[in-house]
Amino acid sequence: MPNFAGNVHHLVLSLSFALLLSSCATLPVGVPVSEVEQVVVKQAFTDLLDRQSGCVDQIDADISVTFESFFYAGKIDGYLQVMQPAYLRFDGLNPFGLTEIVFTTDGVGFTLLAVRDEKGYSGPVTAKKFQQYATSAFSDDFWFLLSGLVPTDRNFLINSVRREEKGAGFWLELDYPERETRLRLLFRPQEKLVDSVAVIPKQGNDSVVFTYQYSSTPEGYCPEPESIEVDTSSNGVMSIVFSKRYPMAKLNKENFQVAIPSNFTKVLIQ
């Protein structure tokens with residue numbers, strides 16, 4: 001049988017480690033603040049969400065991905081395209097600039113092409129085999145996790161507001177009743193920025209922490225991270241560096257539709 005697990009592992013090392021790999025990252029806690037300060041921070045956060053509703057809903061970029069763990073270290077360059085509500089495509093390149101792997105999803109189904117092996121995998125993201133590698137972040141939040149924005153569902157509760165231990169901002173814990181995850185994010189009200197997001201499943205322990213780096217404090221309410229660090233503690237740390245963005249791109253559904261070539265071995269994942 002074609003090695004789906006091995007190719008998913010390659011994909012993980014390429015990009016979707018951030019979206020697929022399960023682990024248990026160390027979660028921040030913070031220190032208590034007064035009720036008055038909670039009200040001020042919550043209002044600033046609500047204002048940020050209102051203004052972010054007008055941000056661009058697409059990402060088209062060249063990226064470099066590095067991964068370091070106790071067992072493995074590697075790097076791969078490629079192209080990333082993301083579009084709301086749940087479209088993602090990653091083309092990973094080998095050192096000669098040729099396509100090594102293609103992964104695409106619309107949030108419902110996925111296709112994975114292992115070009116060198118001439119194998120194509122497809123199926124629903126709910127497939128048992130796929131879910132062995134997937135965290136709940138994959139279906140709920142990947143657009144926001146890669147954009148540095150916050151899910152704009154209006155049906156959420158801010159369960160707690162706590163100050164970051166070194167005073168760098170405030171940890172807000174958001175509960176989305178209709179989602180499988182809750183978020184713990186580091187918010188800086190004055191800079192209108194979210195510096196870090198912990199994706200915490202309501203069931204299980206596969207938490208992942210995303211930390212955003214900016215070359216300078218962004219103007220306005222639509223930040224574009226220069227890089228994203230993804231920490232799963234026991235499984236290592238990955239960095240996604242955006243080497244070039246294409247702000248005028250106009251993506252559509254066709255950009256995320258990939259057919260498995262006729263000469264590839266086709267495998268349905270269920």
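1. The side chain of T104 comes within 2.8 Å of the backbone oxygen of F256, and it also reaches the backbone oxygen of L88, at 3.3 Å. Polar contacts here are pairs of N or O atoms within 3.5 Å; within protein, one must be able to donate a hydrogen and the other to accept it, and residues adjacent in sequence count only if both atoms are side-chain atoms.

2. This is a predicted model, in which local features need pLDDT of at least 70 and side-chain atom pairs count only at pLDDT 80 or more, while totals for chains, interfaces and linings use all residues. Residues are numbered from 1 along each chain as its sequence is written, and side-chain values use heavy atoms, with hydrogens and water left out.

3. T104 belongs to strand β5 (residues 99-105); strands (E, at least two residues) and helices (H or I, at least four) are DSSP runs, numbered from the N terminus. Its relative accessible area is 2%, so T104 is buried (buried is under 20%, exposed over 50%, partly exposed in between, with a 1.4 Å probe and protein chains only). Leaving aside residues up to four places away in sequence, T104 touches L88, R89, G109, F110, T111, F256 and V258, where contact means heavy atoms within 4.5 Å.

4. Five aromatic pairs are found in the whole structure; rings of Phe, Tyr and Trp (its six-membered ring) pair if their centres lie within 6.5 Å, with planes under 30 degrees apart counted as stacked, over 60 as edge-to-face and the rest as tilted. The F45 and F156 rings are edge-to-face because their planes stand at 85 degrees, with centres 6.4 Å apart. This pair links helix α2 (residues 35-52), which holds F45, to the loop between α5 and β8 (157-163), which holds F156, across 111 residues.

5. F156 also forms a tilted pair with Y176, at 5.6 Å centre to centre and 40 degrees between the planes. F156 is buried at 15% relative accessibility, and Y176 is buried at 2%. Ring pairs join F45, F156, Y176 and F187 into a cluster.

6. T265, in strand β15 (residues 265-268), is partly exposed at 40% relative accessibility. The C-alpha atoms of T265 and K119 are 4.6 Å apart, although the two residues are 146 apart in sequence.
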